Amino acid sequence: MSGKVRHYYAGGNTARGFYSLYASNLQGLDRLFILKGGPGTGKSSLMKAVGSHWSKEGWDIEYLHCSSDNESIDGVIIPALKAGIVDGTAPHVIEPELPGVVEEYINLGTAWDSRILRTHRDEIAVLTSDISSAFKSAYNTYAQALKIHDDWEKIYIENMSFESCDALTAELMEKLYSHIYLNKQAQVKHRFLGAATPEGPRDFIGNLTEELPKRYFIKGRPGTGKSTMLKKLAGAAEDRGLDVEIYHCGFDPNSLDMVIVRELGFAIFDSTAPHEYFPERAGDEIVDVYEKAVEAGTDEKYAKEIEVISRNYRDKMNEATSYLAKAKALHDDLEGYYISAMDFNVVEELKSEIQAELARLSTQE
């Protein structure tokens, strides 16, 4: 029987640039293989192959997806082995804390023929520069979109009862936690449930919540306190010694989109666009912040302003996505040069060495 596979992002293309949460998800590992090498050297394929093997062997695994390439992953973790493999190249450079003891570099660059790469030096240099410029344009455009979003939020902030929102949060706090306190240190993981990608927004809410008996769908509008509510609920879980998964917003990482407490069997998440979901099974429940805390008729009163803001915001988000798509296309071209210079038999040998070490770890379980 195959193991469970969990999907999420540990880094994202955001309005605040590339934002990394890798350190939070790699903490506690006893063995970490950090892959080094250029584009097209087989890092993602190696990690996928290792993950697939251990999943088929019945081990639970976690895939850390790449926000800049919908078909690639940036890492794989086998929690029960306390082991993982991660792409350690820019922009998610991983600094080892105990090199040679916990972390080990695997250099896939040993598999390329540098003479071939040097014959394409100028092309590689131009593509690398153009990719960097495309990402910079994407981040600048997302930052512009965030400013537009702030104007959107302002409308609702000025027409909201924060006392009512606080009361709703207190009600949820009692319902979710009651008087539960565990005599242990909480394990806290910070992640992204989704990301801005070259193909638009993507999320893994379905996968992340599929085993949970209780799901709360927060409905509201920009600025109605959804993230603040989630921050308070996450803090309360940690204070009670409960392990908690905190999922940040892939657009603005300073905001939260979801909190999961698996020990209590629940997830609560912002269920508005671009990750809008509706109840579909027993145990699903809507938490409507707009209904509870926003002055009635606000949507109608500011309909024209909201229409203009939402259109401008959507246009900026689409523009930013186009820059990510451009970066991906350029990256594909860059990969072509490296693929032509690679001896993938060497990569297979390196994969076999990693597999052998993981197999050794599994016999110690």
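**View 1. Lys219 sits over the face of Phe278, 3.8 Å from the ring centre.** In this view, a charge counts as over a ring if NZ of Lys or CZ of Arg is within 6 Å of the ring centre and within 35 degrees of the ring normal. Arg191 also makes the list, lying over the face of Tyr8 at 4.0 Å from the ring centre. A quick note before you go on: this is a predicted model, so local features need pLDDT of at least 70 and side-chain atom pairs count only at pLDDT 80 or more, while totals for chains, interfaces and linings use all residues. Residues are numbered from 1 along each chain as its sequence is written, and side-chain values use heavy atoms, with hydrogens and water left out.

**View 2. Phe135 and Tyr139 are both found in helix H4.** Rings of Phe, Tyr and Trp (its six-membered ring) pair if their centres lie within 6.5 Å; planes under 30 degrees apart are stacked, over 60 edge-to-face, and the rest tilted. That rule gives 13 aromatic pairs. For Phe135 and Tyr139, the ring centres are 6.1 Å apart and the planes are at 25°, so this pair is stacked. The two residues are 4 apart, about one turn of the helix. Helices (H or I, at least four residues) and strands (E, at least two) are DSSP runs, numbered from the N terminus. Tyr139 is buried, at 16% relative accessible area; buried means under 20%, exposed over 50%, and partly exposed in between (1.4 Å probe, protein chains only).

**View 3. Trp152 and Tyr313 link helix H4 with helix H10.** With ring centres 5.7 Å apart and planes at 70°, the pair is edge-to-face. Trp152 belongs to H4 and Tyr313 to H10, so the pair ties together parts that are 161 residues apart in sequence. Trp152 is buried at 16% relative accessibility, and Tyr313 is buried at 16% too. Ring pairs also join Tyr142, Trp152, Phe251 and Tyr313 into a cluster.

**View 4. The largest pocket holds about 1,200 Å³ of space.** A pocket is an open set of points on a 1 Å grid over the protein atoms alone, where a 1.4 Å probe fits, with protein on both sides within 12 Å along at least five of seven lines; lining residues have an atom within 4 Å of a point. Its volume is the space filled by probe spheres set on the points, which are joined across faces, edges and corners. Of the 46 lining residues, His149, Phe251, Ala273, Pro274 and Tyr313 are the closest to the centre. H4 gives the most to this lining, with 8 residues. The lining splits into 18 nonpolar, 16 polar and 12 charged residues. Here Ala, Val, Leu, Ile, Met, Phe, Trp, Tyr, Cys and Pro count as nonpolar, Asp, Glu, Lys and Arg as charged, and the others, Gly among them, as polar.

**View 5. The second largest pocket has a volume of about 900 Å³.** Its lining has 39 residues, with Pro39, Asp87, Thr89, Ala90 and His331 nearest the centre. H10 gives the most to this lining, with 7 residues.

**View 6. Strands E10 and E11 form a hairpin with 2 residues between them.** The strands run antiparallel and are joined by 4 bridges; strands pair if DSSP finds at least two bridges between them. Gly200 in E11 is the bridge partner of Thr197. Gly194 and Ala196 point one way from E10, Ala195 and Thr197 the other, and all are buried.
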